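Visitor: I would like a close look at a single part of this protein. Please take me through it piece by piece.

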Amino acid sequence: MKRSWFPITLVILLLGLLALLATLQYRWLGQISDGERTRLQNHLQADTRRFAEDFNREIQNAYFNFQLNSEVWRDKNWNEFNQRVDFWRGKTAYPNLIKNFYFVELGGENLLRYDNQNKTFQAADWTANLINLKPKITDEKKFQPIAEEIPALLMPVHAEEDKLSRVINIRTGKLEQEDISSVMMPKRYGVLVIELDADVVVNQLLPDMAKKYFSDSDGADYKFAVVNAENRVVFQTEDLTATDSSAKFFNLAPDNFISFSHRDLLSTIEGEKKSMVFSRIERTTRQSVTNDKPNRVEVQVLKGDEKPRIRIFDGENLQQNDGVWTLNVQHTAGSLEQFIANTRRKNLGVSFGILSLLAVSVVLIFLSAQRAKRFAQKQVDFVSAVSHEFRTPLAVIYSAGENLTDGVVQNENQVSQYGNLIKREGKKLSAMVEQILEFAGARSGNRKYDLRQTNVEEIIEAALSECKSLIDEKDFSIEKEIAENLPNVIADKAALSQAIQNLIANSIKYGNGNKWLKITAQNGGDKIKIAVEDRGIGIAPKDLKHVFEPFFRSERVIDEQIHGNGLGLSLVKQTVEAHGGTIEVKSEIGKGSRFTIELKSEKVKK
């Protein structure tokens, strides 16, 4: 059969195209991963920053809402403070965030504690935490607005009679810093201590922030931890081994808060409060002068349709670096980089898996097509061989019948010979038809076997009896070697005898002039071995694995024009396997072949 190179070339081109697509896919996924890495890093940094800003905003709102002048504490008029408390609790999402309020007058030892029920400040004893805070409260040099170990916020209360020495001139234009001369901070009257509830911070505020910003953030899972300045864990979801993003927070920098307005901190500004009325914020100005000592002051003017709102902050104290706590965030995969790498490997695996599946599909389709093509060619060869096999006996029968009809043959002996000839050729035709029908029945699974106890020697003798005319015609010498007392087998006697007949017929057909064959039957322990051996042309090693395939005929057999249809050995294999047995072949070119059938004995089956 002439080989066509077109399908092979087409398959190679398709596989090459898939390889090119795999290369491009690798590069594209690399570029996508780089872009995804940048996007996730920016997103994570933004979430970390917003986490810190939101926390700071919540703390700053709790802090600056309670900025009151000393008149409230001196007169012990708590109405305005109570209004501030109610206002803050109505606005915040965490009304239990503040646990206690304490007030300490500068230079005094008396401690006042806010009573939530009576809504007044009453004398109280110094707690252990407040005793530890005393140096920060009384000593301005040690003062810090955040005591994170409690945690608590320290609000300085200033005397109201102090003035600013000049009005700040604010012009419309680009925001910038400009000097302010002679700005002096009011004197401190006392300190308001705002004690936060640590349980609310740790069990509500921080988890809510985490859920808001890091719960399945953009399809990525994160774990995070909050640590203080001593690197002690304040709160964490899981242990961290590395950090993908971090931010400092828990500070009172006024640049980061939405204030609860308080317009009365400054009693006067050079005697003319009205000069500070503006319709919008034009500038935030900072400067450092107070009693010949550097100190940061911030004046902020807030826009609004109502009265102007002005605030002064002791910026040096409020900044406290960027924050007393640090938020560290790590991806659950170990790092964001590892997550990107894992995602890329997964995408590559899926992509290459699909491409590999396509490649395998192309190869399987090609192999299936080639197999179907070979099978179709075998069917064509089978039809041709069967037609040829039918034609010879039919021609003999037709010729003999014609001679008898025309009276060419009148002698009784000749008529008898012609009759035997027609009978023999008809038997050949019948055997070929039976073989084809047997093959069709076996392939369709409709063939039924009459299994019963059967003597092995009887099976062999029946096969030899059926082949006697062929053996005599070809003048073959038969050697038998059948062991005594062989156990019976469970078999269909006719079917198994037919299988042995096929082996005998093959040995005679491919005898190559060596008119000898041997049949043996031995007891191999739990198996009965029946072998048919000849000294014929033999089988090439490359053909041994194909001899039991339907329609298969070796090139040598075809070249030597030995007739056959390629079904005999296939039927033998199907019959033997239907009996639960096996068949094997050993052969050498020019030395002959040996086919061995192995069947389980009756004792083993029982």
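Which residue in S18 does Ile-519 stand opposite?

Guide: This is a predicted model. In it, Ile-519 stands opposite Val-532 in S18. The two strands concerned are S17, residues 516–523, and S18, residues 527–534, which pair in the antiparallel sense over seven bridges.

Both strands belong to an open sheet of five strands, whose order is S15-S17-S18-S20-S19 and whose pairing is mixed. At the edges stand S15 (477–482) and S19 (582–588); each has a single partner strand, so one side of each is left without a neighbour in the sheet. From one strand to the next, the twist averages 10°.

Helices lie across these strands. H13, residues 568–578, lies across S19 and S20 (592–600), and runs at about 145° to S19. H9 lies across S15, S17 and S18, with a direction at about 175° to S15.

H9, residues 456–466, also packs with another helix, H11, residues 493–509, at an angle of about 55° and with the axes 8 Å apart. The two helices are therefore oblique to each other, and their crossing is right-handed. On the H9 side, the residues that meet H11 are Glu-458, Ile-459, Ile-460, Ala-462, Ala-463, Leu-464 and Glu-466. On the H11 side, the residues are Lys-493, Leu-496, Ser-497, Ile-500, Gln-501 and Ile-504. By type, the residues of this contact comprise eight nonpolar, two polar and three charged.

Note on methods. Residues are numbered from 1 along each chain as its sequence is written. This is a predicted model: local features need pLDDT of at least 70, side-chain atom pairs count only at pLDDT 80 or more; totals for chains, interfaces and linings use all residues. Side-chain values use heavy atoms; hydrogens and water are left out. Axes are lines fitted to C-alpha atoms, for helices over the stretch in contact, and angles run from 0 to 180 degrees between N-to-C directions. Helices (H or I, at least four residues) and strands (E, at least two) are DSSP runs, numbered from the N terminus. Angles under 35 degrees count as roughly parallel, over 145 as roughly antiparallel, 65 to 115 as roughly perpendicular and the rest as oblique. A crossing is left-handed if the near helix is turned anticlockwise from the far one by less than a right angle, and right-handed if clockwise. Contact means heavy atoms within 4.5 Å. Ala, Val, Leu, Ile, Met, Phe, Trp, Tyr, Cys and Pro count as nonpolar, Asp, Glu, Lys and Arg as charged, and the others, Gly among them, as polar. Two strands pair if DSSP finds at least two bridges between them.
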